[in-house]
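User: I would like to go through this structure step by step. Could you help me read it?
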Amino acid sequence: MQRIRLRYTKRGRLRFTSHRDFQRAFERALRRAEVPMAYSAGFTPHPKVSYANAAPTGTGSEAEYLEIALTAPRDPEKLRQLLDESMPAGLDIVDAVEARTSGLADRLTASVWELRLDGVSVDEAARAAEAFRAAETVEVQRKTKSGIRTFDAREAVVSLEAVEVSDVSAGPADRPGEAACAILRLVVRHVTPAVRPDDVLSGLRAVADLAPPVPAAVTRLAQGLFGEETGTVTDPLALDREADPTAPQTAAAGTATATAPAAEGPA
């Protein structure tokens with residue numbers, strides 16, 4: 001059995017794709033590409049696909065991860081190309097490695113997010129970010145299946161800053177063009193309960209009365225292992241590349257610093 005780890009995106013209108021919708025589209029792509037999938041046992045066998053920390057519906061992403069199990073070996077890059085051709089534009093398979101180490105999910109300890117705030121000035125966003133960082137705790141509420149839950153959104157946020165639109169790399173349709181707006185970049189640790197970008201926006205409203213006139217456009221730029229000493233979120237597939245003696249040693253995709261996350265360009 002061979003295991004392949006894939007990185008995929010949710011771009012443009014496809015950011016509104018739910019996780020279940022993506023699963024259906026991906027399983028169709030597996031059939032079209034004639035991938036020799038391993039299946040579970042039982043009365044209703046299903047392909048062995050493991051998803052890791054999927055982004056919420058409505059958010060764009062440049063860094064979603066999954067792992068598939070095969071019954072016959074395949075070249076990861078050729079497999080990536082076949083799957084990408086079988087997926088809808090916007091749900092792009094952009095990276096693939098053979099799994100040579102364990103614990104992919106354990107390496108997803110933080111995410112780098114970009115929030116586009118149309119109708120908000122950079123100065124206003126910067127003041128709100130400063131107020132959020134200065135707060136010891138920022139209590140927010142979220143509706144759950146068991147009722148309203150109150151928790152601290154501040155502790156999980158490693159960094160939060162406002163940047164000029166000109167500092168945002170051109171790329172996916174989720175990102176701004178020429179229109180004036182503020183961009184917030186933040187690094188969030190994956191904790192329990194999970195702190196999502198909309199929780200941070202609720203916190204900004206609570207501590208600084210920041211209320212964008214239109215919903216924020218949210219994009220995950222990277223996720224991976226957070227380095228306490230370096231302040232970076234590193235590529236979770238890097239260890240698999242390093243363990244493969246035949247793989248070319250290229251710059252790690254999806255690596256970003258806490259203060260200046262690297263943005264992925266267009267597919």
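User: Which residues have the most contacts inside the largest nonpolar core?
Analyst: They are L117, L160, L184 and L204, in a core of 27 residues. A nonpolar core is a set of buried Ala, Val, Leu, Ile, Met, Phe, Trp, Tyr and Cys residues joined through side-chain atoms within 4.5 Å. Buried means under 20% relative accessible area, exposed over 50%, and partly exposed in between, with a 1.4 Å probe and protein chains only. Please note that this is a predicted model, in which local features need pLDDT of at least 70 and side-chain atom pairs count only at pLDDT 80 or more, while totals for chains, interfaces and linings use all residues. Residues are numbered from 1 along each chain as its sequence is written, and side-chain values use heavy atoms, with hydrogens and water left out.

User: What is L117 in contact with?
Analyst: Leaving aside neighbours within four places in sequence, L117 is in contact with A125, C181, A182, L184, L201, L210, P212 and A216. Contact means heavy atoms within 4.5 Å.

User: What does the second core include?
Analyst: That separate core has 21 residues, and I4, Y8, M37 and L83 are included in it.

User: Back to β5. Is V112 buried or exposed?
Analyst: V112, which lies in strand β5, counts as buried because its relative accessibility is 0%. Between E114 and L160, 46 residues apart in sequence, the C-alpha distance is 9.8 Å.

User: At what angle do α3 and α4 cross?
Analyst: The axes of α3 (residues 122-134) and α4 cross at roughly 90 degrees and come within 9 Å. The two helices are therefore roughly perpendicular. Axes are lines fitted to C-alpha atoms, for helices over the stretch in contact, and angles run from 0 to 180 degrees between N-to-C directions. Angles under 35 degrees count as roughly parallel, over 145 as roughly antiparallel, 65 to 115 as roughly perpendicular and the rest as oblique.

User: Which residues make that contact?
Analyst: From α3 they are A128, A129, A131 and F132, and from α4 they are V200, G203, L204, V207 and A208.

User: Which residues of α4 are buried?
Analyst: P197, D199, V200, L201, G203 and L204 are the buried residues of α4. Just after this helix, D209 takes a positive phi of about 55 degrees.

User: Where is the cis peptide bond?
Analyst: It joins T192 and P193, with omega about 0 degrees. P193 belongs to the loop between β9 (181-189) and α4 (197-208). In general, most peptide bonds are trans.

Notes: Helix = DSSP H or I, 4+ residues; strand = E, 2+ residues; numbered from the N terminus.
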